[in-house]
Amino acid sequence: MQAQPAGNGAAPSILLREVNKWYGAFQVLTDVDLDVRAGERIVICGPSGSGKSTLIRCINALEEFQEGEIKIGRASCRE
């Protein structure tokens, strides 16, 4: 999954870099990169089982991810 950065030049409010998550041997998220700027609205869509809810739960810190970085505002979560 990869989103194109907004053209307003502002720093991202939500930033994901190379986020990976596994459930045992099954990799749910693979190298997810995402930039979301303040005021920007995005849609995360895909078929059942594609990792949409897992991605959102990782951003909300309800799930742990194994690799990568998630930054919300100025705070950073690294695994």
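The model is predicted: local features need pLDDT of at least 70, side-chain atom pairs count only at pLDDT 80 or more, and totals for chains, interfaces and linings use all residues. Residues are numbered from 1 along each chain as its sequence is written, and side-chain values use heavy atoms, with hydrogens and water left out.

**Overall fold**

The protein chain has one helix and four strands, in the order β-β-α-β-β from the N terminus on. Helices (H or I, at least four residues) and strands (E, at least two) are DSSP runs, numbered from the N terminus. Of the 79 residues in the protein chain, 27% are buried. Here buried means under 20% relative accessible area, exposed means over 50%, and partly exposed lies in between (1.4 Å probe, protein chains only). Among contacts (heavy atoms within 4.5 Å) between residues at least 6 apart in sequence, 51% join residues at least 24 apart.

**Strand pairing**

Two strands pair if DSSP finds at least two bridges between them. Strand 1 takes part in both pairings listed here.

| Pair | Sense | Bridges |
|---|---|---|
| Strand 1 (residues 14-23) and strand 2 (residues 26-36) | antiparallel | seven bridges |
| Strand 1 and strand 3 (residues 67-72) | antiparallel | five bridges |

Leucine 16 stands opposite leucine 34 in strand 2, while asparagine 20 has glutamate 67 in strand 3 as its bridge partner. The hairpin of strand 1 and strand 2 has two residues between the strands, and glycine 24 in this hairpin takes a positive phi near 65°.

A nonpolar core is a set of buried Ala, Val, Leu, Ile, Met, Phe, Trp, Tyr and Cys residues joined through side-chain atoms within 4.5 Å. The largest one has 12 residues, among them Leu16, Val28, Leu55, Phe65 and Ile70. Strand 1, strand 2 and helix 1 (52-59) are the elements that give two or more residues to this core. Strand 2 provides its largest share, five residues. In soluble globular proteins, nonpolar side chains tend to be buried together.

The buried residues of helix 1 are Thr54, Leu55, Cys58 and Ile59. These residues are on the same side of helix 1 because they cover an arc of only 140° around the axis, taken from the directions from the helix axis to the C-beta atoms. They pack against strand 1, strand 2 and strand 3. Threonine 54 has a relative accessible area of 11% and touches Lys21, Tyr23, Val28 and Leu29, not counting residues up to four places away in sequence.

**After the helix**

Helix 1 is followed by alanine 61, which has a positive phi near 65°. Glutamate 63 is found in the loop between helix 1 and strand 3. Its C-alpha atom is separated by 9.2 Å from that of lysine 21, 42 residues apart along the chain. Leaving aside neighbours within four places in sequence, glutamate 63 is in contact with Lys21, Tyr23, Arg57 and Cys58.

**Cysteines**

Cysteine 45 is exposed, at 67% relative accessible area, whereas cysteine 58 is buried, at 4%. A search of the whole structure finds zero disulfides, a disulfide being a pair of cysteine sulfur atoms within 2.5 Å.
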